Amino acid sequence: GKTLQAIAAACAYVQEWPLLVICPGSLRKTWESELLKWLPFLRPDHINHVLTGKGTLTGKISIASYEIATKLAESIPAAKIGVVIVDEAHFLKNNTSIRCQKLCPVLQRIHRVILLSGTPALARPIELYAQLNILEKSLFGTRTQFGGRYCDAVVNPFSGGLDYSGHCHLLELNLLLTRSVLIRRTKAEVLQ
């Protein structure tokens with residue numbers, strides 16, 4: 001389902017490669033296998049598994065875990081990566097995490113980014129913001145604007161800061177997402 005669609009989308013922009021796949025470490029070999037299965041022009045030596053924070057992003061395709069990609073974030077622009085697939089993109093839900101702080105600004109500067117997740121919203125719309133900001137920064141405004149519009153933001157009486165743990169205008173948000181950046185399929189639809 002998601003993997004094959006992402007490979008097909010990335011292949012449509014093969015002239016813009018190198019391709020970087022960021023995924024959980026346990027899925028690196030799966031991604032290699034799927035890329036070789038669906039793209040007959042690839043050979044195993046075209047795929048670079050980046051295994052350490054001192055590794056390099058070389059070749060047609062580099063595959064890195066979130067941990068390694070975070071360590072290498074500053075070297076991604078120098079590698080002239082043109083297309084990125086981010087698997088399990090809900091790992092980029094927390095704006096304050098080091099992972100988000102390092103990877104999101106870099107991913108925003110890459111022209112072709114494909115985010116994959118089976119559970120994108122998790123529990124709160126605010127958890128989508130970092131991912132949406134990667135894809136279309138101008139469409140969703142600032143975190144404060146997004147939180148005010150879609151997260152029923154209220155002032156926390158203890159901290160004085162805004163609490164974005166709620167939700168509101170969900171039909172509007174769903175319409176905006178499905179018309180701009182979101183493809184959602186149920187398991188039943190995929191199995192047909």
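## Briefing: sheet, cores and salt bridges

The count comes to 6 salt bridges in this predicted model, a salt bridge being a side-chain nitrogen of Lys or Arg within 4 Å of a carboxyl oxygen of Asp or Glu. The model is predicted, so local features need pLDDT of at least 70 and side-chain atom pairs count only at pLDDT 80 or more, while totals for chains, interfaces and linings use all residues. Residues are numbered from 1 along each chain as its sequence is written, and side-chain values use heavy atoms, with hydrogens and water left out.

**Sheet**

- An open sheet of 5 strands runs in the order β2-β3-β1-β4-β5, with parallel pairing. Strands pair if DSSP finds at least two bridges between them. Strands (E, at least two residues) and helices (H or I, at least four) are DSSP runs, numbered from the N terminus.
- β2 (47-50) and β5 stand at the edges with a single partner strand each, so one side of each has no neighbour in the sheet.
- Neighbouring strands are turned by 15° against each other on average, direction ignored. Axes are lines fitted to C-alpha atoms, for helices over the stretch in contact, and angles run from 0 to 180 degrees between N-to-C directions.
- β1 pairs with β3 (residues 61-65) in the parallel sense over 5 bridges. Leu20 has Ser62 in β3 as its bridge partner.

**Helices against the sheet**

- α2 lies across β1, β2, β3 and β4. Its direction is at about 155° to β3.
- In α1 (residues 2-12), Ala6, Ile7 and Ala10 are buried. Buried means under 20% relative accessible area, exposed over 50%, and partly exposed in between (1.4 Å probe, protein chains only).
- These three cover an arc of only 100° around the axis, which puts them on the same side of α1. The arc is that of the directions from the helix axis to the C-beta atoms.
- Their cover includes β1 (19-23), α2 (28-38), β4 (83-86) and β5 (112-115). Contact means heavy atoms within 4.5 Å.

**Nonpolar cores**

- The largest nonpolar core has 27 residues, of which Ile22, Val86, Leu103 and Leu107 touch the most other members. Such a core is a set of buried Ala, Val, Leu, Ile, Met, Phe, Trp, Tyr and Cys residues joined through side-chain atoms within 4.5 Å.
- β1, α3 (66-71), β4, α4 (98-108), β5 and α5 (129-135) each give two or more residues to this core. α4 gives the most, with 5 residues.
- A second, separate core of 18 residues includes Ala6, Ala10, Leu35 and Leu39.
- Beyond four places in sequence, the contacts of Ile22 include Ala64, Tyr66, Val84, Val86, Leu103 and Leu107.

**A buried loop residue**

- Leu42 lies in the loop between α2 and β2. Leu42 is buried, at 7% relative accessible area.
- Not counting residues up to four places away in sequence, Leu42 touches Trp17, Leu35, Leu36, Lys60 and Ile61.

**Salt bridges**

- Lys29 and Glu32 meet through their side chains at 3.9 Å, N to O. They are 3 residues apart in helix α2, so about one helical turn separates them. Lys29 is exposed at 55%, whereas Glu32 is buried at 14%.
- Arg43 bridges to Asp45, with the closest N and O atoms 2.9 Å apart. Arg43 is partly exposed at 46%, and Asp45 is exposed at 57%.
- Glu127 bridges to Arg124, with the closest N and O atoms 3.9 Å apart. Glu127 is buried at 11%, whereas Arg124 is partly exposed at 37%.
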